[in-house]
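Subject: Handover of a structure and notes on its chain contacts

Dear colleague,

Please find the structure below, which I am handing over to you. My notes come after it.

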4 protein chains.
Amino acid sequence: MKVGFIGLGHMGSAMATNLVKARHEVVVFNRSVENTRPLIELGARAATSIAEACRAEAVITMLADDAAVEQVSTAKDGILASLPKGAIHVSMSTISLALATELASLHGEAGQRFVSAPVFGRPTAAAAAKLFILAAGDPAAIAACQPLFEAMGQKTVPIGTDPPTANVVKLGGNLLIAVVIESLGEIMALADKAGIDRHTFLDALTSTLFTAPLYSLYGEIIADRKFVPAEFAARLGDKDLRLALAAARDLRVPLPLGSLLQDRFLRLLAQGGENLDWSAIGGLAAHDAGGPPPGR
Amino acid sequence: MKVGFIGLGHMGSAMATNLVKARHEVVVFNRSVENTRPLIELGARAATSIAEACRAEAVITMLADDAAVEQVSTAKDGILASLPKGAIHVSMSTISLALATELASLHGEAGQRFVSAPVFGRPTAAAAAKLFILAAGDPAAIAACQPLFEAMGQKTVPIGTDPPTANVVKLGGNLLIAVVIESLGEIMALADKAGIDRHTFLDALTSTLFTAPLYSLYGEIIADRKFVPAEFAARLGDKDLRLALAAARDLRVPLPLGSLLQDRFLRLLAQGGENLDWSAIGGLAAHDAGGPPPGR
Amino acid sequence: MKVGFIGLGHMGSAMATNLVKARHEVVVFNRSVENTRPLIELGARAATSIAEACRAEAVITMLADDAAVEQVSTAKDGILASLPKGAIHVSMSTISLALATELASLHGEAGQRFVSAPVFGRPTAAAAAKLFILAAGDPAAIAACQPLFEAMGQKTVPIGTDPPTANVVKLGGNLLIAVVIESLGEIMALADKAGIDRHTFLDALTSTLFTAPLYSLYGEIIADRKFVPAEFAARLGDKDLRLALAAARDLRVPLPLGSLLQDRFLRLLAQGGENLDWSAIGGLAAHDAGGPPPGR
Amino acid sequence: MKVGFIGLGHMGSAMATNLVKARHEVVVFNRSVENTRPLIELGARAATSIAEACRAEAVITMLADDAAVEQVSTAKDGILASLPKGAIHVSMSTISLALATELASLHGEAGQRFVSAPVFGRPTAAAAAKLFILAAGDPAAIAACQPLFEAMGQKTVPIGTDPPTANVVKLGGNLLIAVVIESLGEIMALADKAGIDRHTFLDALTSTLFTAPLYSLYGEIIADRKFVPAEFAARLGDKDLRLALAAARDLRVPLPLGSLLQDRFLRLLAQGGENLDWSAIGGLAAHDAGGPPPGR
């Protein structure tokens, strides 16, 4: 399938690589040209403009934030101006409910199709083609993208026909992961002061009720207080949480756990932890209980 | 193995039944005699006093709260006074860190052994012999109890040699479950107001990252707002949470999630929900977002 | 002094009235002409455009929100385009730290002066010329405005030379008032369930340590559960709180009390209370303790 | 008036001194005899037993905690056993609602009278006879104590006829003060990072809306980060807060502000601040925003 790919950060590079390996015809575009090289060596083609990346059946965006996605979409020579009628913009980065809603509307007016397809998974999962892809939009458009999704993920979960709903699931899921991190942090601070080995404690939880792999993954990080290197930096975790809370505010849904987590992230960032892994919020409870701050 | 069993509530009856079925020689004692009948029909023997239930290699307590366990343990003709030297008191109910510490000490002085073995699992898991048993104490004593544990549970997790550590794991684990309930409640309130079907939303989470069965179990209850009948009543959830927070206070460990949950439980109880399932705290977020209160 | 006045809501009308009474030469402008009539009868002149209101030594804005202030300031024929060099824009409404910073910069570039002068006080205080005015900006400009401030307020508090600092004090002060409301609400819910008359309880506090009038003012409202009519509507309180939290987020200052209050406001709005007085958040604690919801 | 006085800590010594100065006939009793000396020099008489201090029209208790008050009251030769029929036990320390309820009942059965009269005020206020005394119990008994109260306080506030109600007011008031401390701490952390001088900021608040002296008192301490010496140590503030929360739990009143404060105190104690003034919780917000921890 002929597909444009815009945004070659940690996640995007890994995903585009898997598309090339699956023998899709991939045209990549990135603000900094340097990131395109490894992909070109693998067989991708480099576009010199967004418009060039849009000469395809579909164009995928995997960018840092709302501002970047809005810019490449609505710029004079951006996706909306360049994508052929009937072609599909597949938005895979974590963006706000508001922007997803706006893009769905603009692409509809332009006669293009818009699929919202954010993902669960860190860069290692992206590299292993193990992402979970949450897809919402026109079912025919999602079906058309399925060969792409299969190259990048282990599973595609259909959410509905209204694109922004996938973003709500993504933002809600991220909040839920952050809650897991915070709860493990608190409970391990308690175990620690009660004289229980943190790993023994964690194993007792993960071998019984808390069998989802993310409990082991984050539990080990917190037990070892090993918040570097950051696979997903705290400042990005904070950004995603803000998007969840902004959606909740607009919809008038109080989220006390979300508020608590926002204060945790703000504190972590204010105290110098912005480049630690976002799981470092799980180290604050131990600090509050008299232990060292996360990152030391 | 010859074993006394004190406390035949929902959990205790199911556990004692499985001991009888596994052909252990079980002597049951319960304040209200009525609960002993089905067990006697199965082949258990009824004791008319705690002392009589203590004429065994081990005596198991599975009672409602600290007060009950303390009473049967320290009464004039209680376990401490009656259990043979070298025999084992296996405390399986959810009790405080403070009481577990005290009992470990008193049994030691009396030349008896004390194993703390609280469980993860609701009555249905107890009936199916699918409990997770968290065991702490003298390894030889735990090994001696293993045939009993195998009859009641699907897995025994050794925590350490100091009995109260098992109680910390139990209390911490319960807090973690309550956090899962609250987080699902918040996030589903958000999905609901965003126009996403609650079950679709839940499936998207449980089929990807949140694969531990308790996410499905409690997620379904919250999605269906079906908080009756109560398998584990809110007032019992509140009691367990208090024990976790009391341990945290004594050890000087701030648990902001625990504090938030305590306010949720207090509110649920104050608003008439004490006989709802404890997962009804997961219905408060939807009420705060403009929906009906849990239980209506 | 010749002064333009833009924005004749509850607060603005009362403030402009006091300027006219103090014999200033007042030119009023309001989107809806109807609100200008009572002032014209008193002796004010009505402008038919913002530009006309800007033919003065100073122009005061007292508008609903950031959007309105930004619009009248930056529109094609707005204040920035119309105000004479050296004249003063006195921004008295509650606006964001970000907008105050931007306006200070734009007016500087345009050779105009900008004084940030938000106020403490509800409409009754505005009518009685009892406002507290928090003034920040060029000291000479503040001094020039002093005759206006004296006509509208009981006291002018100089905050500093950087205009946005006054907005921080205003937003911080509002947050502090909301905390007083919430704390009175919680504590009176406790007194009520302990069988103490709410007024007796309140008097015991306000006649001893909590002598600031706002404790009596809001305490009486909460004790009487009388949240209508709204002198300051909940949706406006929510708006101001958001501005405080936005400033805190940008400056990376976790405000746990602010987060808790935001959830209170969101809940009040979601449950239909947007036109209640903002002190209705002080009725939520009683509801959580088993009493009626605020507004019933 | 002939009065016994039990408990000569910082508060008790100052209060007993004022009773002696007002020419009451004071018999003092303290566990450690050393504290009685200055009072004996002033003219008090030292009792060698609780019983001896009870040979009076009234006996005042001003002790560290529930355990101490319960012990001197219910011991074999304690107040209940020794106080003449019709004489009055005036309980002035901060005790739990539960203990006040129990003592009221026991004294009633013993034919004695019980007045609950906790106070607002730190040791400096006690020394200056400026305490606020919250009195509840039989009106005739309160009237009989009025000469004592006048010697120790600036005002007696009658709360009701049921003694424990005074304790609820005391505990609620203390919680309210702690909220003031926390709110000032948060808001000054914000002002500080916004580049506003903390004292200027504080003055803007205390000279306008927040005129109660406790805002200035605690605001100055927080602005100066001067948490030593402790007039009221953090561990005592924590103890009082626990009593408030215990009463709230028993009455089923969720107090989210109280929960937040409890976590603040636990953290302060866990991080080594137990001998700082309790206002040091007001230094945590600045630390969370990237500043130094309180006490450094």
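This is a predicted model: local features need pLDDT of at least 70, side-chain atom pairs count only at pLDDT 80 or more; totals for chains, interfaces and linings use all residues.

Residues are numbered from 1 along each chain as its sequence is written, chains are lettered from A and ligands numbered from 1 in the order in which they are written, and side-chain values use heavy atoms, with hydrogens and water left out.

I begin with chains A and B. The contact (heavy atoms within 4.5 Å) takes 55 residues from chain A and 55 residues from chain B. The size of an interface is often given as the accessible area lost when the parts come together. Here the buried area (accessible area, 1.4 Å probe, that two parts lose on being put together, summed over both) is about 4,700 Å², with 81% of it on carbon and sulfur atoms. A:Leu176, A:Leu190 and A:Leu209 supply 14% of the area that chain A buries against chain B, more than any other three residues.

Chains C and B present another interface. Eight residues of chain C are in contact with eight of chain B, and the two chains bury about 600 Å² between them, 44% of it on carbon and sulfur atoms. Two salt bridges cross this interface. The side chains of C:Asp288 and B:Arg267 meet in a salt bridge, at 3.2 Å from N to O.

Over all chains, the structure holds 52 salt bridges. In one of them, the side chains of D:Glu274 and B:Arg252 meet at 2.7 Å, N to O. D:Glu274 lies in the loop between helix 13 and helix 14 (284–288) of chain D, and B:Arg252 in the loop between helix 12 (234–250) and helix 13 (256–270) of chain B, so the pair joins two chains. Helices (H or I, at least four residues) are DSSP runs, numbered from the N terminus.

Finally, how do helix 13 of chain C and helix 13 of chain D cross, right-handed or left-handed? The crossing is right-handed.

Yours sincerely,
A colleague

Technical notes:
A crossing is left-handed if the near helix is turned anticlockwise from the far one by less than a right angle, and right-handed if clockwise. A salt bridge is a side-chain nitrogen of Lys or Arg within 4 Å of a carboxyl oxygen of Asp or Glu.
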